[in-house]
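Biologist: I would like to learn how to read a structure like this. Please show me the features one at a time.

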Protein chains: 2
Amino acid sequence: MAAFGSGRSWSNFPVSLSVVMNLKQQLDYLFNPQSVAVIGASNSLGKWGFHILSLLLAKGGREIYAINRNEPEVQGLKAYQSMREVPGPVDFAVIAVPFQDVPAAMEDCVRKGVKAAVIISGGLAEIGDEGARIEQEVVEIARRGGIRFVGPNCMGHFDSSSDFFTVPYLPPVKKGSLALITQSGNTSQTIVYLACEMGLGFSKYVSSGNEADLHFEDYLEYLAQDDETEVILGYIEGLREGRRFFELAKEITKKKPIVITKAGRTEAGARAARSHTAALAGSDVVCEAAFKQSGVIRVEEISELIDVALVLLGQPLPRGRRVGVLSTGGGMAVMAADVLMRQGLELPPLSPATMEKLNSILSRRWSHGNPVETGGDIFSYPCLWALIEDENIDAALIIGAAGVAASYARWVNLPPSVGDAVDRWLEASEDSEQRDMDKLMELMKRYQKPVIVAHMGIPNMRKGKVYEKMERNHVIPYLTPERAAKALAHLVEYSEYLGIAKGRG
Amino acid sequence: MAAFGSGRSWSNFPVSLSVVMNLKQQLDYLFNPQSVAVIGASNSLGKWGFHILSLLLAKGGREIYAINRNEPEVQGLKAYQSMREVPGPVDFAVIAVPFQDVPAAMEDCVRKGVKAAVIISGGLAEIGDEGARIEQEVVEIARRGGIRFVGPNCMGHFDSSSDFFTVPYLPPVKKGSLALITQSGNTSQTIVYLACEMGLGFSKYVSSGNEADLHFEDYLEYLAQDDETEVILGYIEGLREGRRFFELAKEITKKKPIVITKAGRTEAGARAARSHTAALAGSDVVCEAAFKQSGVIRVEEISELIDVALVLLGQPLPRGRRVGVLSTGGGMAVMAADVLMRQGLELPPLSPATMEKLNSILSRRWSHGNPVETGGDIFSYPCLWALIEDENIDAALIIGAAGVAASYARWVNLPPSVGDAVDRWLEASEDSEQRDMDKLMELMKRYQKPVIVAHMGIPNMRKGKVYEKMERNHVIPYLTPERAAKALAHLVEYSEYLGIAKGRG
């Protein structure tokens with residue numbers, strides 16, 4: 001496991017006995033402090049110290065102190081020249097000052113009795129020897145005072161439940177059950193945006209930066225015990241405690257899935273990672289094997305983190321890899337068949353009972369096989385029920401507008417004279433579709449068979465009661481069959497790892 | 001080429017001499033008729049004959065006739081029992097009646113002197129022998145009358161320039177220079193939506209269905225001569241005239257790029273394709289070779305059609321595959337390096353002159369190599385100019401918020417007290433960014449080097465003058481580095497095919 005990282009960890013450092021807390025207690029201060037100081041609070045737009053302070057002020061709900069050496073007031077708030085002047089206690093500090101001033105800022109935090117901090121500032125170990133020396137100095141100061149900290153060289157963190165945000169540069173975040181630990185703050189903007197598009201929200205988030213003190217593994221251990229987190233997502237460039245990661249993951253994935261994108265797979269990527277967060281990218285082959293053995297779901301692209309999170313939250317774990325495809329239009333079914341095969345999934349023949357059921361439901365135009373192409377029929381819930389009840393099938397993939405004529409009709413340019421009739425028609429379809437969906441979800445649970453949907457409406461057109469019901473149940477359509485099939489394949493792999501699905505062959 | 005299809009084509013059938021027109025004249029009637037009859041016009045919501053008529057009425061601008069055997073009035077319009085009763089001439093007919101009534105409808109069209117038609121109805125050759133027999137009958141009737149038609153078993157077509165739409169189930173379409181020919185109507189909903197998200201519009205669109213009369217190759221030939229079309233996109237399940245496609249493509253791709261997704265790559269996909277549009281999927285190996293030899297850009301997923309269209313419209317063709325990466329945050333640079341390598345692109349070292357320029361622009365925190373990671377500096381246009389002027393570099397990939405602090409600041413929760421100042425700051429950044437962008441585009445043209453952007457803002461946050469300028473110039477950011485790198489790789493391949501870029505090795 002040496003290829004994973006240097007193994008340097010908290011336990012190697014002397015700890016001041018008066019402040020010994022376990023990891024959970026320490027990180028509770030990180031995610032929900034009562035009082036916060038922003039060291040480097042600023043009146044200048046564009047500065048981190050400006051945006052973080054304004055974010056904290058806008059959220060409210062805790063004591064906020066602005067620290068600025070030169071200004072008496074910052075954003076309407078009295079500013080203190082140093083932490084020593086702050087009247088009340090301070091649980092948590094945001095450090096957003098030039099790199100050479102970070103040790104002094106941390107020294108002030110120790111004197112003030114701060115419990116946890118985030119160091120936004122860059123210019124440390126990722127830059128070279130001088131930065132590494134300063135970073136080491138900061139670590140030693142923090143250890144002396146029992147302060148745990150995020151970063152340096154990071155974008156902040158949040159806890160949606162306590163509404164505590166030190167990360168200003170994210171799209172609006174919904175509360176939810178995903179946690180994200182990322183060694184790159186920038187990637188998280190895309191990840192959070194994609195989650196929002198799929199109706200998913202977050203419990204906690206950390207941009208871990210250089211991980212001078214708190215490591216990826218520390219956050220992982222904390223999130224394993226966090227009741228608000230159901231799925232842990234991670235973006236990794238290199239691990240500092242490979243063996244600890246592996247041991248933790250092996251335990252956690254038994255109950256809580258972990259989905260990881262690891263960059264630095266190619267030589268150029270690994271080189272870039274070294275210069276980025278001073279991380280050892282390690283041998284990708286070793287990582288790959290460790291992920292597999294510990295049940296970690298590894299995805300290639302950051303967008304897949306969210307695609308996989310969706311099935312993990314919304315679907316039962318299937319008992320095998322035999323997929324029934326249902327489509328109203330053939331083209332999408334063809335694409336889906338291709339992509340399912342490429343993902344190693346199977347399209348078995350349907351049972352005679354299912355063939356009979358479908359013959360009685362569909363017009364003679366249906367495809368008479370798997371994929372089931374209805375030949376244009378839109379309201380195909382009964383077909384879907386038939387598929388789920390088929391003993392040859394472990395999961396279903398719906399492609400096209402199964403059941404949601406409503407979402408289609410909204411795109412049509414209608415003359416005003418018929419607008420009212422359309423509204424009534426949509427409402428009627430929505431009610432019956434909701435009943436159909438209830439039955440569907442009951443069957444999914446009873447038979448433990450996932451139903452993945454692709455291309456039912458398009459994101460900026462999604463609305464109405466049916467869609468809201470889908471969103472509540474995390475059965476959101478993917479935009480393309482490829483994305484749906486890849487997510488399903490990862491769900492099957494995880495189910496195989498847990499011994500729920502039978503493996504191949 | 002036999003694996004491509006049956007070779008059945010228009011020239012094998014006798015043509016009524018009185019109506020001999022060339023393909024261009026015939027298809028002009030398809031895309032811009034003066035008078036239109038909807039056979040199967042309906043008052044029933046959800047029926048094709050309802051939605052197509054209401055769409056035609058909403059668009060207006062030509063004579064519209066409703067044909068319905070039983071109703072005296074459809075959607076407020078006088079309805080005719082048959083085509084024979086229509087008073088004026090009819091150029092074009094939409095046929096949306098049950099499959100067994102299609103031959104009679106086509107017979108009526110012949111008597112009325114209709115020039116072109118679209119048959120929406122399914123239930124023909126894709127179903128089996130009986131359907132195939134009826135479809136053949138329809139073809140023979142149409143040929144006798146010199147009528148060319150789209151379909152059957154399709155979703156309609158449009159011409160954005162003449163504002164003629166027979167396809168009701170699409171998201172709103174922007175005018176533009178992409179043409180799309182698809183053997184699956186359903187896939188086009190996603191394709192049109194993705195185009196809209198990237199600010200791209202369409203000239204013409206055809207859902208070609210079973211291609212009983214007009215083949216994919218006919219549309220291709222027409223679009224080659226269409227001045228409004230700059231890039232031709234296609235979704236193919238199987239070609240009916242493989243050799244003709246190949247010969248056409250070889251000529252067209254010298255001036256106009258063709259981008260294709262071909263489904264049915266796996267056995268299951270090919271089987272599904274056969275039942276869908278009665279197409280011969282053919283040997284995928286043969287297709288792959290033919291695409292390569294004729295300069296057709298083949299992509300795997302439907303979303304890539306749009307990703308590649310964007311670079312084709314917005315970028316110069318590069319002279320090689322050496323890419324310089326510029327990033328404000330390292331994580332994305334790592335992902336980009338990985339994905340560029342996987343796509344067979346190269347990340348060469350920077351020239352000493354570029355290193356010197358970057359040293360003078362950036363703080364000491366920059367990565368001192370390729371990828372160029374600025375270490376957090378946002379306004380990095382001068383870095384980009386330096387990259388483009390580097391003789392070691394053929395193209396640049398920007399990852400992160402290069403230059404658009406504006407788009408970031410909009411996400412921040414600002415207290416109302418500072419809102420006005422932020423607005424002024426954004427306006428000021430926008431003006432200077434526009435000047436920087438002008439210089440960038442001048443350099444791109446002068447050195448013939450593409451600049452691809454990933455992850456600059458997120459789609460539903462994109463606004464402001466800078467973004468509008470980017471949209472006008474088709475330099476829209478991709479959501480992920482993967483998508484950007486794949487698109488760039490296809491651009492390089494096309495440039496190599498045309499002999500502009502030097503090939504590998």
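Biologist: Which residues does A:F92 touch, not counting residues up to four places away in sequence?

Modeller: First, the ground rules. This is a predicted model: local features need pLDDT of at least 70, side-chain atom pairs count only at pLDDT 80 or more, and totals for chains, interfaces and linings use all residues. Residues are numbered from 1 along each chain as its sequence is written, while chains are lettered from A and ligands numbered from 1 in the order in which they are written. Two residues are in contact if their C-beta atoms, placed from the backbone, lie within 7 Å. By that test A:F92 touches A:Y29, A:P33, A:V36, A:V114, A:K115, A:A116 and A:A117, not counting residues up to four places away in sequence.

Biologist: Where is the place of A:F92? Is A:F92 buried or exposed?

Modeller: Helices (H or I, at least four residues) and strands (E, at least two) are DSSP runs, numbered from the N terminus. A:F92 lies in strand 5 (residues 92-95) of chain A. For burial, count C-beta atoms, placed from the backbone: 20 or more others within 10 Å is buried, 12 or fewer is exposed, and in between is partly exposed. A:F92 is buried because 25 other C-beta atoms lie within 10 Å.

Biologist: How many residues apart in sequence are A:F92 and A:R144, and how far apart in space?

Modeller: They are 52 residues apart in sequence and 16 Å apart in space, C-alpha to C-alpha.

Biologist: Now take the whole chain. How many helices and strands are there in chain A, and what share of its residues is buried?

Modeller: Chain A has 17 helices and 18 strands. Of its 505 residues, 60% are buried. Among contacts in chain A between residues at least 6 apart in sequence, 76% join residues at least 24 apart.

Biologist: Which residues are buried in helix 1 of chain A?

Modeller: Start with the general idea. An α-helix has 3.6 residues a turn, so residues three or four places apart point the same way. In helix 1 (residues 23-31) of chain A, the buried ones are A:Q26, A:L27, A:L30 and A:F31. Seen down the axis, they fall within an arc of 135° (taken from the directions from the helix axis to the C-beta atoms), so they line one face of helix 1 of chain A. Those buried residues pack against several elements of chain A, including strand 6 (116-119), strand 11 (202-207) and helix 6 (216-224).

Biologist: At what angle do helix 1 and helix 6 of chain A cross?

Modeller: Two packed helices are described by the angle between their axes and the distance between the axes. Axes are lines fitted to C-alpha atoms, for helices over the stretch in contact, and angles run from 0 to 180 degrees between N-to-C directions. Here the axes come within 10 Å and cross at roughly 95°. Helix 1 and helix 6 of chain A are therefore roughly perpendicular (65 to 115 degrees; under 35 is roughly parallel, over 145 roughly antiparallel, the rest oblique).

Biologist: Which residues make the contact?

Modeller: A:L23, A:K24 and A:L27 of helix 1 meet A:D218, A:E221 and A:Y222 of helix 6 in chain A. The contact residues divide into 3 nonpolar, no polar and 3 charged. Ala, Val, Leu, Ile, Met, Phe, Trp, Tyr, Cys and Pro count as nonpolar, Asp, Glu, Lys and Arg as charged, and the others, Gly among them, as polar.

Biologist: Which residues touch the most other members of the largest nonpolar core?

Modeller: A nonpolar core is a set of buried Ala, Val, Leu, Ile, Met, Phe, Trp, Tyr and Cys residues joined through C-beta atoms within 7 Å. The largest has 322 residues, and A:L397, A:L488, B:L397 and B:L488 touch the most other members. Leaving aside neighbours within four places in sequence, A:L488 is in contact with residues including A:V311, A:L345, A:L397 and A:I452.

Biologist: Where does a cis peptide bond join residues in chain B?

Modeller: One joins B:G151 and B:P152, with omega about 0°. B:P152 sits in the loop between strand 7 (148-150) and strand 8 (157-159) of chain B. Another joins B:N370 and B:P371, with omega about 5°. B:P371 is in the loop between helix 12 (352-361) and strand 16 (372-373) of chain B.

Biologist: What is phi of A:Q75?

Modeller: Near 50° for A:Q75, a positive value in a residue other than glycine. A:Q75 is in the loop between strand 3 (73-74) and strand 4 (77-80) of chain A. A:Q75 is buried, with 22 other C-beta atoms within 10 Å.
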